[in-house]
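Got a model open and wondering where the labels come from? Let's go through them one by one.

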Amino acid sequence: MPAPHRIDVHQHLLPPAYRKLMDRHEMTAGGWPTPSWDAQSALAMMDRRSIATGILSVSSPGTHFGDGTESRAITRTVNEFSAELAKDHPDRFGFFASVPLPDVDGALAETAYALDELHADGVVLMSTVDGRYLGDKEFEPLWAELDARAAVVFVHPTAPPLPMLEGMPSPLLDFPFDTTRTAVHMTLNGVMSRHTRMKVILSHAGGFLPYAAWRFTAGAQFNPGTTPLGILTDLQRFYFDTALSSTPAALPSLLAFAAPGHILYGSDFPFAPEESGGLLDSLLDGYDGFGPGQLDAINCGSAKELFKNRYGRGDEVAAW
């Protein structure tokens, strides 16, 4: 078995208190069955799949359950649980802190607590909150704070504000759509051009953003102050993880679009079954279209460069 070397930026956890609250509210990740999770099972999976470190986050539906007080409380509980886990296994686990959007004041307070006191590796945001996408002007104070901190932001999809098609749970069909929608919304509303210090990771290779990015530059016709080139430049500011996306069909488009060093390994454990995850790992490792150093950069080098607080300057990322 090869020595663990991957840095997994898309790995989830389900703290017991959070799972209990999900069950009480009868909530799931967009109709997808909620898997079991515990730290030892995660570590065993990581050893089997050569993952040195997993940056953990709460998946959809996030920590906002409708009640502001309850959301602030469960967000704090989730973040403190994650911090303790990272403290107990400092070389194996990091975490993205949750925030209780759409409560912007609560999100600002939790961001400061999580980054300053709990030493989180960044912040996770759901792609849409109460039907509002992340380019909404109401969320600008949070973006300004994250940019001032040069924070790493992980954007995870959730069920969009439209009916789920029968037999097609949201993670199957709608999640890539919602990731794409919020990324374009952020870009056309200037979030990415105003805030260039923060680093934003999009789940699942950015949905279909890399494949259709040039099409989205036509948004300049409808958004004063934007240009096609500016839109394309801002879309290329995003980082992309490989979760559920390291296939011979998806990788060529992702590699053609993403900026050098902007592709990161992701497993989506435990929501992605390990059997399919192992197959996707083999497809990633066996892909014959990589240039020199690209696979090593995806597996670990780019993440070491991104998470400087954890890894220092990191290994030099290969020029593509």
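Here are some questions about the labels, with answers.

This is a predicted model, where local features need pLDDT of at least 70, side-chain atom pairs count only at pLDDT 80 or more, and totals for chains, interfaces and linings use all residues. Residues are numbered from 1 along each chain as its sequence is written, and side-chain values use heavy atoms, with hydrogens and water left out.

Q: What makes Ser 57 part of a strand?
A: Strands are DSSP runs of E with at least two residues, while helices are runs of H or I with at least four, numbered from the N terminus. Ser 57 belongs to β2, which covers residues 51–57.

Q: Which residues does Ser 57 touch, leaving out those up to four places away in sequence?
A: Contact means heavy atoms within 4.5 Å. On that basis Ser 57 meets Gln 11, His 12, Leu 13, Phe 96, Val 124 and Phe 154.

Q: How do you know whether the radius of gyration agrees with a compact globule?
A: The radius is taken over C-alpha atoms, and the globule rule is 2.2 Å times the number of residues to the power 0.38. For 320 residues a compact globule would come out near 20 Å; the chain has 18 Å, so the two agree.

Q: How much of the chain counts as buried?
A: Of its 320 residues, 55% do.

Conventions:
Buried means under 20% relative accessible area, exposed over 50%, partly exposed in between (1.4 Å probe, protein chains only).
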